[in-house]
Amino acid sequence: MSKIKSAASVILIRGSDEAPEVYLVRRAPELKFFGGYWVFPGGNVSPLDRQCEDDAEELVLKRCAVRELLEETEALAATLGGEFSRERKQALQRQIKEAPEQWQDFLAQYGADLPLLTPLFRIITPPFFPVRFDTLFLCARCPQDEIPGIDNYELVEGRFVKPQQVVAAWDRGEMEIAPPVLFLLRLLTTGGLDAFLTRSRQESERLAQGGLHPVYFSPGIFVAPLATPTLPPATTTNTLIAGTDKLYVIDPATPDATEQQRLFDKMDALIDAGATFEAILLTHHHPDHVGAVNAVSQRYRLPLRAHAQTYHRIAPGYLQGEPLADGDRLELGTAPDGSGDWHLKVLHTPGHAVDHLCFIDSRYHAAIVGDMLSTLSTIVIDPPEGHMHTYLDSLNRLLDTPINVLYPAHGPPRGDGHSLIRRFLRHRQKREDAIKTALTDTPRSVDELLPEVYAGLSTSAYPIAARSLLAGLIKLEEDGFCKQQDMGWVQE
């Protein structure tokens, strides 16, 4: 598991308490972490934020917030900050980069009273991200005469916005907003600033007690990475809830009772808010996708809907619903933006598993793709059920399907899903080329081919790689490029 980094983010507010505006910045699209997304200004804790070893954690995070806000926007959330000239703030920015000891002197001059920031909300990045942050969100007032800017390096745009307008734009699919930022903006849309302060702290406490993160990468698709016994580097499988009024829980995967309770708490909260669960949906039958199927089905009396070949492959104990087939529609009711005819379209996408299904959201083109792709690693194609030709055909079918955000079973969602599909196709072609190069007219076994085809791969991963290598050899045999001979494989 990756190390968790400490970070701070600033909710910069102006206007009245009843109808505040907040300052949002958009990250450069090429950045790996939330590239192109709208966020609050902020960043990682730096050595510049720590004056001595026994500094209180909250003070260090406040210094981080002040520094990052100044670096990114030229705004100074500090004593006398509103009285500082723009030139003085720009000089402080230069000190951070060119003369950090002077920045430390500035911090020391104002001491513990430096940040005029109110801690509100703390969240740790969910475990499906390869890079994780423990972020404290703090609230600061922007003086009326303060005009923040952007650094034009990591950021490409910044502006004050009304939370209601931004949330409405998100619901229309017009803005990409980082999940915790979206969540806090929603809290700001009702009740004014005082209610926001109270509710954000309550939600912070809920998360600290194990509540599921408010993770939405597209409207109406909630994702929860829950612990499962799956293949490394993954440690979780994504359970998804699609819809707002009519809901479907997709791949309730975890066998762990504590993790299941986290899912139950989320489902109960949605039911208490007036939503109705219609059914459980499965992408396929593999064990790391079905661990909570029986528990969810029995607790909520929900039918299981999956491919016809799924039912006999999983343990009994669920309510069986009508099987799903390619082209079926699952009605979702009214979309978050108020539009009608919202539904999930079912695609049969075999290759990884014979019963594999994907679910495509009709309004926002979100794609729930199970084990067709991953944002953490490649996908294992394990013969005889796994079939490389069929898998590649299914990938190309997804490439021909309109897709925006792509939700894999393992790893975080990915915007511009087609780019990930094309990367997987290129990877498979590169691996196939390596197999062709390794084959000769002398028979070689899979074990003999492995070190050459998977050069640099840890030997601990060889058993899994061997299965995909065999799938690649079978494909080339079907293509007429090679054949089995004398317990090995030779070029045809």
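1. The open sheet. In this predicted model, seven strands form an open sheet. Their order is β8-β9-β10-β11-β12-β13-β14, and the pairing is mixed. At the edges stand β8 (216-218) and β14 (319-320). Each has a single partner strand, so one side of each is left without a neighbour in the sheet.

2. Strand β12 covers residues 276-281, and strand β13 covers residues 303-305. The two run parallel and are joined by two bridges. For a place to look, take Leu 281: it stands opposite Arg 305 in β13.

3. The helix across the strands. Helix α7 spans residues 257-272. It lies across β8, β9 (221-227), β10 (236-242), β11 (246-250) and β12. Relative to β9, α7 runs at about 160°.

4. Strand β16 and its two partners. Strand β16 takes in residues 342-348. Strand β15 (residues 329-333) is joined to β16 by four bridges, and the two run antiparallel. Arg 329 has Lys 345 in β16 as its bridge partner. Strand β17 (residues 357-361) is also antiparallel to β16, with five bridges between them. Here Leu 344 stands opposite Asp 361 in β17.

5. Cover on β16. This strand is mostly covered. Of its seven residues, five are buried. When viewing any strand, keep one point in mind: in a regular strand the side chains alternate between the two faces of the sheet.

6. A covered helix. Helix α5 runs over residues 179-188 and is mostly covered. Nine of its 10 residues are buried. Two prolines, Pro 179 and Pro 180, are among them.

7. Cysteines. How many disulfides does a search of the whole structure find? It finds zero. Cys 142 shows why: the closest cysteine sulfur, in Cys 139, is 11 Å from its own, too far for a bond. The cut-off for a disulfide is a pair of cysteine sulfur atoms within 2.5 Å.

8. Buried or exposed: where does Cys 142 fall? Cys 142 counts as buried, because its relative accessibility is 6%. Cys 358 is at 0% relative accessibility, so it counts as buried too. The cut-off for buried is under 20% relative accessible area.

Conventions: Residues are numbered from 1 along each chain as its sequence is written. This is a predicted model: local features need pLDDT of at least 70, side-chain atom pairs count only at pLDDT 80 or more; totals for chains, interfaces and linings use all residues. Side-chain values use heavy atoms; hydrogens and water are left out. Buried means under 20% relative accessible area, exposed over 50%, partly exposed in between (1.4 Å probe, protein chains only). Two strands pair if DSSP finds at least two bridges between them. Contact means heavy atoms within 4.5 Å. Axes are lines fitted to C-alpha atoms, for helices over the stretch in contact, and angles run from 0 to 180 degrees between N-to-C directions.
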